[in-house]
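Keep the structure open, try each exercise yourself, and then follow the worked solution.

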Amino acid sequence: MSKTNFEFLDALGQIARDKGISVETLFDALANALVAAYKRRPGAAEEAVVTIDPESGEIRVYGQELDEDGNVIREWDDTPGDFGRIAAQTAKQVILQRIREAERDLKYEEYARREGDIVTGIVQQTDNRYTLLDLGKVEALLPQAEQVPYERYEHGARLKAYIVEVRKTTKGPQIVVSRSHPGLVKRLFELEVPEISSGVVEIKAAAREPGHRTKIAVWSNDPNVDPVGACVGARGSRVRMVTNELRGERIDVVPFSDDPVEFIQAALQPARVREVRLDDETGTATVIVSDYQLSLAIGKEGQNARLSARLSGWRVDIKSETQLAEEEARYGEEWAEGEWVENEAGEMVWQPAEGGEAVSATEWSRVVAGDDATATTADAPAPDDKVEDGSPSATSGLDAGATAEGGSA
């Protein structure tokens with residue numbers, strides 16, 4: 001092996017070690033560059049291949065003749081005498097380009113595997129559209145849509161974010177991160193709670209309104225480990241670390257249960273629930289609470305009800321005991337079936353569904369006053385009451401309480 005070839009192989013090996021690229025990748029890039037340089041020479045064959053001996057570093061060019069099907073029918077050694085000098089001059093920029101491409105591919109593969117993971121970056125630039133985070137080797141993009149309302153990111157501040165997407169571009173990987181994703185809360189708890197990272201405690205569900213409040217449901221695979229206590233920590237130390245990273249966002253940790261009734265009761269904490277009635281057909285859970293617990297169960301602007309609905313997956317309808325009693329009393333009233341119609345004289349009269357003589361509004365008034373105790377239509381509603389499907393509604397004007405459905409107010 002000549003001294004030149006030895007230096008050449010040593011240089012390639014050093015580049016491969018420094019850049020984390022395989023020597024084979026560099027050999028392929030160099031061979032392609034040398035083929036391009038060879039074809040620019042006068043009298044060069046139309047088809048050619050370049051071989052590089054990995055042991056000696058010897059470079060050879062072979063011209064080829066192909067048939068109509070692309071098969072090699074003749075091959076000869078066509079290495080120019082001064083090809084070493086040409087190779088050094090021509091291949092330098094191409095190799096550097098391939099090295100940059102290989103580095104971009106390595107960075108993309110590294111971060112593509114980390115989608116759903118948490119990263120720490122330094123704020124480099126921020127405007128109305130996005131914020132750039134320096135992750136060390138690459139930059140991450142924090143779009144406006146993934147930011148928490150009213151959060152301000154100062155230049156040079158350290159920030160944790162959740163990787164939601166890694167895009168492959170010609171300039172390298174574009175990493176999109178989020179501060180509003182519920183996964184950020186889960187990952188922060190994994191960092192603070194060893195029981196979660198080890199798999200003893202699991203976060204089964206999470207619902208979040210970024211910047212305001214988050215609810216997570218936790219479950220323990222070990223009956224000797226309290227999942228809520230493990231996440232909260234001694235005197236709230238663990239959950240406080242997560243809250244500080246989220247800049248004061250309130251976090252409720254509730255126990256998960258396979259029983260929907262128990263889970264909904266836990267999801268509505270800190271409110272105390274008296275009863276839960278499930279309707280599997282509509283997916284609605286009617287929650288009964290004491291009168292003084294109603295506002296607490298609903299939460300500020302319905303926030304507690306909304307988060308509980310998202311966490312449990314049920315449409316949550318919250319009623320106080322008084323509201324439920326009024327509703328049941330109205331539904332319990334017996335109404336005669338019929339409808340108010342206009343007669344030929346233009347007057348409103350009550351026409352019983354079973355037939356018979358219609359009753360005028362004047363006669364109806366006497367019935368209400370008790371003047372005609374034998375009237376069969378004494379239970380007919382007033383003309384102003386709304387009537388649907390041939391029977392009057394017993395719920396007009398009723399405040400049925402607060403209703404929340406997953407994903408809506």
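**Exercise 1.** Find out which helix gives the largest share of the lining of the second largest pocket, and describe that lining.

*Solution.* 
- Step 1: Keep in mind that this is a predicted model. Helix α10 (residues 303–312) supplies the largest share, with three residues.
- Step 2: Now look at the residues around the pocket. Its lining is made up of E209, H212, R213, R250, P270, L296, G299, K300, E301, Q303, N304 and R306.
- Step 3: Sort them by class. The lining has six charged, four polar and two nonpolar residues.

**Exercise 2.** Decide whether V138 and T286 are buried or exposed, and list what each one touches.

*Solution.* 
- Step 1: Find V138 in the loop between β5 (130–134) and β6 (139–143).
- Step 2: Apply the cut-off: buried means under 20% relative accessible area. V138 has 8% relative accessibility, so V138 counts as buried.
- Step 3: List its contacts. Leaving out residues up to four places away in sequence, V138 touches K107, Y111, L133, P173 and I175.
- Step 4: V138 and Y111 are 27 residues apart along the chain, and their C-alpha atoms are separated by 9.6 Å.
- Step 5: Turn to T286, which is in strand β13 (residues 284–289). With a relative accessible area of 17%, T286 is buried because that value is under 20%.
- Step 6: Leaving out residues up to four places away in sequence, T286 touches E275, V276, R277, D317 and K319.

**Exercise 3.** What do Y150 and R235 show in their phi angles, and are these residues buried or exposed?

*Solution.* 
- Step 1: Y150 is not a glycine, yet its phi is positive, about 75°. R235, also not a glycine, has a positive phi of about 55°.
- Step 2: Y150 sits in the loop between β6 and β7 (158–169), and R235 in the loop between α6 (227–232) and α7 (237–245).
- Step 3: Exposed means over 50% relative accessible area. Y150 has 71%, so Y150 is exposed. R235 has 82%, so R235 is exposed.

**Exercise 4.** In the open sheet of three strands, what is the strand order, and which strands stand at the edges?

*Solution.* 
- Step 1: The order is β15-β16-β17, and the pairing is antiparallel.
- Step 2: β15 (338–342) and β17 (359–360) stand at the edges. Each has a single partner strand, so one side of each lacks a neighbour in the sheet.
- Step 3: Follow β15 to strand β16 (residues 348–352): five bridges join them. Among the paired residues, W340 has W350 in β16 as its bridge partner.

**Exercise 5.** How many residues lie between β2 and β3 in their hairpin?

*Solution.* 
- Step 1: Strand β2 (residues 59–66) pairs with strand β3 (residues 72–77) over five bridges, in the antiparallel sense.
- Step 2: Five residues lie between β2 and β3, and in the turn G70 has a positive phi of about 85°.

Conventions:
Residues are numbered from 1 along each chain as its sequence is written. This is a predicted model: local features need pLDDT of at least 70, side-chain atom pairs count only at pLDDT 80 or more; totals for chains, interfaces and linings use all residues. Side-chain values use heavy atoms; hydrogens and water are left out. On a 1 Å grid over the protein atoms alone, a cavity is a set of points where a 1.4 Å probe fits but cannot get out, and a pocket is an open set with protein on both sides within 12 Å along at least five of seven lines; lining residues have an atom within 4 Å of a point. Helices (H or I, at least four residues) and strands (E, at least two) are DSSP runs, numbered from the N terminus. Ala, Val, Leu, Ile, Met, Phe, Trp, Tyr, Cys and Pro count as nonpolar, Asp, Glu, Lys and Arg as charged, and the others, Gly among them, as polar. Two strands pair if DSSP finds at least two bridges between them. Buried means under 20% relative accessible area, exposed over 50%, partly exposed in between (1.4 Å probe, protein chains only). Contact means heavy atoms within 4.5 Å.
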